[in-house]
Each structure stands twice: as C-alpha cells, then as structure tokens.
Amino acid sequence: CTQINRNAALHPLWQSELSVSGGTRQSPINIHWRDSVYDPHLKPLKIHYDPATCLYIWNNGYSFQVEFDDTTDKSVIMGGPLENHYRLKQFHFHWGAINEWGSEHMVDSKVYPAELHLVHWNPVTSTSFEDAIMENNGLVVIGVFLKLGAHHAGLQKLVDALPAVKHKDAIVEFDVFDPSCLMPSCPDYWTYDGSLTTPPLTESVTWIIKKTPIEVDQNQLEEFRMLLFTSAGEEEKRMVDNFRPLQPLMNRTVRSSFR
Ligand SMILES: NS(=O)(=O)c1nc2c(F)c(F)c(F)c(F)c2s1
Ligand SMILES: [Zn+2]
C-alpha cells in the first residue's frame, strides 16, 4: 500500500520545522516502552482543578484552547516528578485529518488520532506564565492520548462549544468545566524533559505522558476537524494535522511510574 505521508500537509507553523538551534531536548518523541526506566521515587500525580477557574475557549490559529484563571493556586498539580505545585494555565489538543494519525507523542511508534495537552507553570520559580515559558522546567505539560471508541460525555460540553470558535481568533465564554474528567483513571505515566511543540519551542517543559488513552467517538473527532486555521473572510483551511513531527531523543531517558 502506498505509504501515506502524514507530514505532507503540515501547517506552515511546522513546515519550516526550524529546530531550535542546538536543541538537545525537543518534543514530541517516540516513547520506546522497554527503554523507559521504572523510577520507584516517582510519586502519584496529584491533581486539584477548580471548575470555577475555567474562563473561555478560543481558536488561536493552530488549536482550540481553554484558558484558566491562574492568578491563584486554585487549580494545581503536584507530586509525580514535581518538586512543588504547578498552576493550570490552559489546555488544547492536536489531531489528524484522519484517525490514522494526529497525536504528537507516540508509544513504540503507535500513533493516536489526537492528544490532549494540559499546560501548567511553576509559580515558585516564575512570576508569570510568560516568564515560565523561558525558564528551565518552568512548565509541566500533561499529555493524554485520545483513541477512537465510546462517546466521551465530559468532552461533549467542549465539543458543543466548537462551532462558536470555528475561525482563528474567535473566542467564547466557557465557564465551569473540570478538565479532570479528561484524565484516564489509570495513574500510570511516563515522564521526560522536553520542549514546547509549537514555536517558541523552548526547552522548558517537564512532560508527563499518561500511559492509558481516553476514548472519544467518531463524531467528536470530526467536530475537531470542522475547525479552521483561517480567520473569517479568508479562504477556508480546515484545522487538521496540527502536530509537530517526532524529534530525536538525544541524551535523554524516559522514566516510568509503573513496572
Ligand atoms: N503543544 S505544547 O508543547 O503543549 C505548547 N506549546 C505552547 C506554545 F508554543 C506557546 F507559545 C504557549 F504559550 C503555550 F502555552 C504552549 S503549550
Ligand atoms: Zn500541545
């Protein structure tokens, strides 16, 4: 069969695929399960999100993003590989034009149709999210794989709001949403030091990748694919394939929280 080139229609953002000059810890990566090292010192990840901190959804031109009030420690994560707590700033997704690809990370070269990123920043070492982007380990991003399966009732509230943010820069109020409902119940994760996967691609991210995917149904994935990269009035370009290609592991070890 013809090898479908999943990078053919990469969004301009990644087409230039500038690798941060001298980048040694870029993301995403392909996680080789048997090369990951079980670390018994890794604690369970603790997640406390306050649904009232949810602010709005917007289309930023390469994904749709749900923003949170990060002026207090109301929605935080701690434990796991982390030395202190981190505040939830936003979450967004990456997905493909078809179910055969879409995630940024892979596990033993298995790719999922989509991947959720929950972005947090370190209020102890940084005074703002913008600062934290430039700080070594200023950010923690939790990655959750989405696989095709049962309807996800929690996700549906988000999906129902997507038509209101079809175009780039569209924004709609979105209050009272608890992103914990998008977490798999299995506590297992991998963790490694990496980078943002969109420019500025800074190497400031402690990645926590959940081992178990959540299930969403075909209609929900197709709603993601109805979004547009383009602004109202421009020639329409469907928002699909908004993932960065795999990056070299270089001198890094992926640790696992499970045997
Ligand atoms: N895909 S990602 O690595 O989670 C990720 N990239 C970015 C990024 F490029 C930004 F400019 C930004 F403000 C973010 F909050 C994130 S979060
Ligand atoms: Zn992302």
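**View 1. Strand 7 supplies the largest share of the shell around ligand 1, three residues.** The model is predicted: local features need pLDDT of at least 70, side-chain atom pairs count only at pLDDT 80 or more, and totals for chains, interfaces and linings use all residues. Residues are numbered from 1 along each chain as its sequence is written, chains are lettered from A and ligands numbered from 1 in the order in which they are written, and side-chain values use heavy atoms, with hydrogens and water left out. Strands (E, at least two residues) and helices (H or I, at least four) are DSSP runs, numbered from the N terminus. Strand 7, strand 9 and helix 2 (129–134) each give at least two residues to this shell. A residue is near the ligand if one of its heavy atoms lies within 4 Å of it. Of the 14 residues around ligand 1, the nearest are Q90, F129, T197, T198 and P199. The shell holds eight nonpolar residues, six polar and no charged. Here Ala, Val, Leu, Ile, Met, Phe, Trp, Tyr, Cys and Pro count as nonpolar, Asp, Glu, Lys and Arg as charged, and the others, Gly among them, as polar.

View 2. On its own, ligand 1 has 390 Å² of accessible area, and the protein covers 89% of that. Accessible areas come from the Shrake-Rupley method with a 1.4 Å probe.

**View 3. The largest nonpolar core has 43 residues.** A nonpolar core is a set of buried Ala, Val, Leu, Ile, Met, Phe, Trp, Tyr and Cys residues joined through side-chain atoms within 4.5 Å. Buried means under 20% relative accessible area, exposed over 50%, partly exposed in between (1.4 Å probe, protein chains only). F91 and F93 have the most contacts inside this core. Strand 7 (86–95) gives the most to this core, with five residues. In soluble globular proteins, nonpolar side chains tend to be buried together.

**View 4. P179 sits in the loop between strand 11 (171–173) and strand 12 (189–194).** P179 counts as buried because its relative accessibility is 0%. Contact means heavy atoms within 4.5 Å. Not counting residues up to four places away in sequence, P179 touches Y49, F68, L88, F91 and L118. P179 and Q90 are 89 residues apart along the chain, yet their C-alpha atoms are separated by 9.9 Å.
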